[in-house]
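This briefing covers one protein chain, shown below. The points that follow are grouped by topic.

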Amino acid sequence: MTRTDPGRVRSATSRVRPHGNRTLVALSIGIALVVALVLVDLLAPALLPGDVPTRLQDGMTLALSVLIESLPFVALGVGLSILVQVWVPAGWLERWLPRRAWARRMVLSLLGMVVPVCECGNVPFARGLLMRGFTVSETMTFLIAAPIVNPIVIITTHQAFGFSDGILVARLLGGYAVANLIGWLYSRHPSPDALLTDRFRDACAIVTDEPGGRGRRSLAQFIVELRAVMPALVIGSALAGAVQVLVPRDALLAIGSNPVLSIVAMMALAMVVAICSNVDAFFALSFASTFTPGSLVAFLVTGPLVDVKMIALLRTTFTTRALAGIVVVVLLFAFALGTAVNLLV
């Protein structure tokens, strides 16, 4: 990420959309979800059990639970982002990393072992790495690996499954491998800055050139990060709650024994339920008697990386085209990994 002059900062500031626009977008999405729920009830009343008020209440409860579960990790991620960007001396972190690009990405994909933050907190932390000067591909490698390759996720996955059916090992190796695959693919992009949104580049310019001491710069980045992440987190939580209400889970369970369809069903479920990677293994455990081991692995790899909440958070930093590429690679990789586990177990 290149540094900019004060004129660039002033122009960036003038292009930042007012807070009211984001509020209007969030409100529009909420209204659209309500309308969709009502239309489903009117056009296909037998599709979903229960009346509309009950489903609206369930959707709101689920959305709030996802939001409340995510908030502490977002706050921790913002704090770590400020620590890396403002308080860690220039060049200190970089000195510990290899010089070769592929080796740097391999080491950064293990950074989650010392920064045990779930996927919600990893996004603001990764934004701090970008602002510090790390490349887009290096940051993507950390961002994809960290929600899986961290001690809390390792412990909870082991508590849920132990070493049975190779689920724990497949999840860890799969998360590490897909992160480095995505990092390598995007390292070959001819214009890495084009993968970042204009809003993030503007925010980066504002924070980088903020005058004053570290306290003032920390406050500036805190405000910028919260303004960027919180609307996306609210929208992602609302989508997770709405989709869980609209998608009949019985339809997913009905195909759990099929070695191929079970993988697709669990990947779809992972994108919908948006559970924190620190506890998603216990949720997956409830399907162990019905679904194949490969489908459980696909769930545990897909969810932390490209669920609806994570996609909304990633959109604060990466363009839609870059995000679509990440989603496609993760889904194809998770399907291949799940199929391999089913064949080997």
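## Briefing on the chain

Leu 64 has its place in helix 3, which spans residues 52-87. The model is a predicted one.

**Surface patch**
- Leu 64 is partly exposed, as its relative accessible area is 44%.
- Together with Met 60 and Ile 68, Leu 64 makes a nonpolar surface patch of about 330 Å².

**Chain as a whole**
- The chain holds 17 helices and zero strands.
- It has 345 residues, and 49% of them count as buried.
- Its accessible surface is about 15,500 Å², and carbon and sulfur atoms account for 71% of that area.
- Among contacts in the chain with a separation of 6 or more, 83% are between residues 24 or more positions apart.

**Helix 9 and helix 17**
- Two packed helices are described by the angle between their axes and the distance between the axes.
- For helix 9 and helix 17 (residues 320-344), the axes come within 10 Å and cross at roughly 145°.
- This crossing of helix 9 and helix 17 is right-handed.
- On the helix 9 side, the residues that meet helix 17 include Ala 170, Gly 174, Ala 177, Val 178 and Ile 182.
- On the helix 17 side, the residues that meet helix 9 include Ala 322, Gly 325, Phe 333, Leu 337 and Val 341.

**Ile 182**
- Ile 182 lies in helix 9, which runs over residues 167-187.
- The relative accessible area of Ile 182 is 0%, so the residue is buried; the cut-off for buried is under 20%.
- Leaving aside neighbours within four places in sequence, Ile 182 is in contact with Met 140, Ile 144, Ile 326, Val 329 and Val 330.
- Val 329 is 147 residues from Ile 182 along the chain, yet their C-alpha atoms are separated by 7.3 Å.

**Tyr 176**
- Tyr 176 is also found in helix 9.
- Its relative accessible area is 22%, so Tyr 176 is partly exposed.
- Apart from neighbours within four places in sequence, Tyr 176 is in contact with Met 106, Ser 109, Leu 110 and Val 149.
- Tyr 176 and Val 149 are 27 residues apart in sequence, with a C-alpha to C-alpha distance of 6.8 Å.

Notes
Residues are numbered from 1 along each chain as its sequence is written. This is a predicted model: local features need pLDDT of at least 70, side-chain atom pairs count only at pLDDT 80 or more; totals for chains, interfaces and linings use all residues. Side-chain values use heavy atoms; hydrogens and water are left out. Helices (H or I, at least four residues) and strands (E, at least two) are DSSP runs, numbered from the N terminus. Buried means under 20% relative accessible area, exposed over 50%, partly exposed in between (1.4 Å probe, protein chains only). Contact means heavy atoms within 4.5 Å. Patches are made of residues with over 30% relative accessible area and no salt bridge: like charges are joined within 9 Å, nonpolar side chains (Val, Leu, Ile, Met, Phe, Trp, Tyr) within 5 Å. Accessible areas come from the Shrake-Rupley method with a 1.4 Å probe; for residues, only the protein chains shown count as cover. A salt bridge is a side-chain nitrogen of Lys or Arg within 4 Å of a carboxyl oxygen of Asp or Glu. Axes are lines fitted to C-alpha atoms, for helices over the stretch in contact, and angles run from 0 to 180 degrees between N-to-C directions. A crossing is left-handed if the near helix is turned anticlockwise from the far one by less than a right angle, and right-handed if clockwise.
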